[in-house]
Amino acid sequence: MVTGKLSLTSSRIILLGFAIPIFLGALLLALPISSSTGNSVGWLNAWFTSTSAVCVTGLVVLDTGMAFSPFGQIVVLCLIQIGGLGFMTFGVLIAVVMGRRIGLKERLLIQESANSVTTQGVVRLSLSIFLIAFIVETLGAALLTIRWTDELGLTRAIYYGIFHAVSAFNNAGFALWPDSLSRYVGDPLINLVITSLFIIGGIGFTVILDLYRKRRWRDLAFHSKVVVITSGLLCLVGFLVIFVIELFNTRTFGGLSWTERLWAGYFQGVVTRTAGFNSIDVASMMPASQFFMIFLMFIGASSGSTGGGIKTSTFAVLVLSIMATVKGNEDVQLLKKRISQKMIFRALAVMTISVGVVIAAAFLLTITEYRLHKDFLVLLFEATSAFGTVGMSMGLTPELSPLGKLVIIITMFIGRLGPLTLAFALAQRNKKQKYRYPEEKLLIG
């Protein structure tokens with residue numbers, strides 16, 4: 001490596017792969033044609049919206065359905081799809097269509113971009129990602145279109161079905177209604193379709209393919225088993241906790257029937273992980289529910305998925321490591337498998353950096369949004385939602401100051417890119433050490 005030059009490592013290419021679509025998307029959204037009024041929405045608002053779309057977050061400073069024209073909404077939709085599937089996936093498709101050969105360097109880049117364990121089959125994985133997205137989004141859009149045809153008319157129902165299916169599968173949380181999906185709080189079809197879309201998109205493409213190919217639990221890869229178990233437990237716990245707490249809240253569940261309460265508890269308990277839609281007013285929820293949602297948003301989806309957060313596998317490794325330490329076990333084990341020290345250190349690094357990013361973002365918001373006199377829980381909720389690329393808000397996003405918008409933009413970018421990928425992209429990686437220092441004892445705890 002030549003000193004003084006910034007080498008274009010795979011991590012830096014991935015960074016540019018998100019930054020360039022954000023910049024181009026902001027340029028398009030800032031055009032008057034993208035606005036419903038014919039006037040530009042402003043560069044900062046366009047940048048914020050583009051970042052939120054590419055980072056599949058869903059936080060909005062402007063109402064997507066009201067502030068943007070159909071052209072602007074389609075730009076947002078394209079940015080969501082690019083951000084959710086990844087620029088390298090589109091690059092592979094273009095290369096295959098043009099008949100270009102994909103070399104080892106490109107395969108290594110695809111491997112890191114898709115969070116694959118090996119370079120073997122990464123091209124086939126990228127093409128499979130497209131196929132999975134097309135099938136799942138088409139099916140979801142068709143079901144939503146059928147549901148909305150009588151209400152919106154066929155043409156508008158098709159458009160709304162496609163928009164919300166793509167937004168849900170990519171865990172973006174963008175909606176064309178100002179109240180998100182609150183008007184459908186008790187609608188079984190809307191609840192099931194939307195949650196199914198973001199759950200499938202959030203478990204990771206490698207897990208989806210593994211489930212499709214193996215179909216038997218004992219044949220699944222270890223990673224797939226960990227993701228399925230952890231995701232299932234988090235969804236169940238999320239539903240139970242939020243449902244029980246909100247039963248005592250007349251501002252959210254007070255006017256709902258018992259059936260609607262069950263659907264609302266299920267939807268909010270599951271969607272909080274990374275999707276960003278809401279069927280009840282988040283700002284009206286109990287503080288205990290809001291705090292628990294911060295915990296779920298921080299964990300997020302699974303590796304190699306369309307979602308953000310520290311990821312379910314990271315959370316599982318950390319919990320297992322704590323349990324092993326408390327029990328005095330030297331090895332961290334699960335399902336008759338041992339987790340390597342390297343993976344434990346990596347999970348710890350992801351956790352530590354992520355906590356630092358969220359705390360730093362919340363701290364900066366206490367400064368930039370001081371004029372609003374918001375509770376710290378509101379600011380922490382916003383920062384965690386941005387980092388976890390969730391898109392939920394307690395009403396703070398539209399009121400953000402210009403500096404506050406910049407803080408959230410950076411936080412969303414870090415959350416989508418991944419804290420370790422960003423650290424690797426900005427840092428100079430050291431060469432492998434040829435020697436080791438003597439070991440020494442240190443008091444911990």
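Trainee: Which helix gives the most to the nonpolar patch?

Mentor: That's helix H1, residues 10–29, which supplies five residues. Helices here are DSSP runs of H or I with at least four residues, numbered from the N terminus. Keep in mind that this is a predicted model, where local features need pLDDT of at least 70 and side-chain atom pairs count only at pLDDT 80 or more, while totals for chains, interfaces and linings use all residues. Residues are numbered from 1 along each chain as its sequence is written, and side-chain values use heavy atoms, leaving out hydrogens and water.

Trainee: Which residues form the patch on the surface?

Mentor: Leu16, Ile20, Phe23, Leu24, Leu27 and Trp43, and together they have about 570 Å² of accessible area. Such areas come from the Shrake-Rupley method with a 1.4 Å probe, and for residues only the protein chains shown count as cover. A patch takes residues with over 30% relative accessible area and no salt bridge, joining nonpolar side chains (Val, Leu, Ile, Met, Phe, Trp, Tyr) within 5 Å and like charges within 9 Å.

Trainee: What about Leu24, how does it count for accessibility?

Mentor: Leu24 lies in helix H1 and is partly exposed, because its relative accessible area is 45%. The classes are buried for under 20%, exposed for over 50% and partly exposed in between, with a 1.4 Å probe and protein chains only.

Trainee: Switching to charges: how many salt bridges does a search of the whole structure find?

Mentor: Seven. A salt bridge needs a side-chain nitrogen of Lys or Arg within 4 Å of a carboxyl oxygen of Asp or Glu. As background, side chains of opposite charge can pair when their charged atoms come close.

Trainee: Which residues are linked in a network of salt bridges?

Mentor: Arg147, Glu151 and Asp187. Glu151 pairs with Arg147, their closest N and O atoms being 3.5 Å apart. Both lie in helix H7 (residues 122–152), four residues apart, about one turn of the helix.

Trainee: And where does Asp187 sit relative to Arg147?

Mentor: Asp187 and Arg147 form a salt bridge at 2.6 Å, N to O. This pair links distant parts of the chain, 40 residues apart: Asp187 is in the loop between helix H8 (154–169) and helix H9 (188–202), and Arg147 is in helix H7.

Trainee: Is Asp187 buried or exposed?

Mentor: Buried, because its relative accessible area is 13%. Arg147 is partly exposed at 25%, and Glu151 is also partly exposed, at 40%.

Trainee: Why are Asp210 and Lys214 separated by about one helical turn?

Mentor: Because they are four residues apart in helix H10, residues 205–214. Asp210 is buried at 9%, whereas Lys214 is partly exposed at 35%.

Trainee: Last one: where is Gly255?

Mentor: In the loop between helix H11 (222–246) and helix H12 (258–271). Gly255 counts as exposed because its relative accessibility is 73%. Leaving aside neighbours within four places in sequence, Gly255 is in contact (heavy atoms within 4.5 Å) with Thr250 and Glu260.

Conventions:
Helices (H or I, at least four residues) and strands (E, at least two) are DSSP runs, numbered from the N terminus.
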